[in-house]
Amino acid sequence: MRVLKTCAVTVVVSLVVVACGGVEPAATTTTQPPISTTSTEIVPTSTTSTTLPGEVIDFGPMEGDVLMVIGVRHDDVLNLRSGPGIDQDIVGEMAADFKEMIALGETRQIPDAFWIAVEIGGMPGWVNMRYIGYEGATDDLTSQVVADLGGIPMADTMVELGLLVVETMASEDPASDIVVVVDETVGDLGEVTYDVVGLGDDAVRGLRVHVFGQPSADGFSLKSVEVTTICGRGISPDGLCP
């Protein structure tokens, strides 16, 4: 798998407050911590809609497709709504690394956005298509990153080390969004996970980059890089993006 170098990227790290859910700038921020990837918190609602907004279109995931959340910051959530659009009730929340959405096979278009019908934990709802993708194959790209950077990179923190790594993979036009989806942790090794979304390829929506660092008195040096391809139109049996 080839990835693209960049000269200029749009960087969104954990200290910058951004919105999730596409066109819902304030509604996705919550005072509660994001849910874990092994369970989905369902927020019941008494409001149901018999007439959904938007136009049904023949586009998007097929019924039964398994989808993942992409491009959402680690301390934010993706809202599951009762219908397509940011004015619909929130019926559930998904953490930034949630991978167990089941597509229901319906897509609706409203102004400036596509919304996908999905189910999580038995609860049906709608999510902005901008924030969903298919989990493709995972590859070790450590040697490629070291070659691109001209040596083993070092940084004071894992977030900074991870940023050095993912900047070698982002595109210039369109400028990729770079988001920390799993915050840095430090044990025997340091770890951090980024999403690089927007590579100018309809088949490949982005990359999920898991960076491992070796702690030292001077910070962290790169240990390894695992990259998972995020597909946009489904996945083949061998994990490739068709």
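The largest pocket holds about 360 Å³ of space, where a pocket is an open set of points on a 1 Å grid over the protein atoms alone, at which a 1.4 Å probe fits, with protein on both sides within 12 Å along at least five of seven lines, and where a volume is the space filled by probe spheres set on the points, joined across faces, edges and corners. This is a predicted model, in which local features need pLDDT of at least 70 and side-chain atom pairs count only at pLDDT 80 or more, while totals for chains, interfaces and linings use all residues. Residues are numbered from 1 along each chain as its sequence is written, and side-chain values use heavy atoms, with hydrogens and water left out.

The lining of the largest pocket comprises 21 residues, of which Met129, Asp202, Arg205, Gly232 and Arg233 lie nearest its centre; lining residues are those with an atom within 4 Å of a point. By class, this lining divides into 10 nonpolar, 5 polar and 6 charged residues, with Ala, Val, Leu, Ile, Met, Phe, Trp, Tyr, Cys and Pro counted as nonpolar, Asp, Glu, Lys and Arg as charged, and the others, Gly among them, as polar.

The second largest pocket has a volume of about 240 Å³, and of its 14 lining residues the closest to the centre are Lys99, Val182, Thr193, Arg208 and His210. Strands S11 (177–186), S12 (190–197), S13 (204–216) and S14 each give two or more residues to that lining, strands being DSSP runs of E with at least two residues, numbered from the N terminus. The lining of the second largest pocket has 2 nonpolar, 6 polar and 6 charged residues.

Strand S12 also contains aspartate 195, which is buried at a relative accessible area of 0% (buried means under 20%, exposed over 50% and partly exposed in between, with a 1.4 Å probe and protein chains only). The side chain of aspartate 195 reaches the backbone nitrogen of glycine 71 at 2.9 Å, and the residues that aspartate 195 touches, with heavy atoms within 4.5 Å, include Ile70, Asp177, Arg208 and Ile230.

Because cysteine 231 lies in strand S14 (residues 219–231) and cysteine 241 in the segment after S14, the pair ties together parts that are 10 residues apart in sequence. Cysteine 231 is buried, at 0% relative accessible area, whereas cysteine 241 is partly exposed at 22%.

Key
Helices (H or I, at least four residues) and strands (E, at least two) are DSSP runs, numbered from the N terminus. A polar contact is a pair of N or O atoms within 3.5 Å; within protein, one must be able to donate a hydrogen and the other to accept it, and residues adjacent in sequence count only if both atoms are side-chain atoms. Lists of a residue's contacts leave out its neighbours within four places in sequence.
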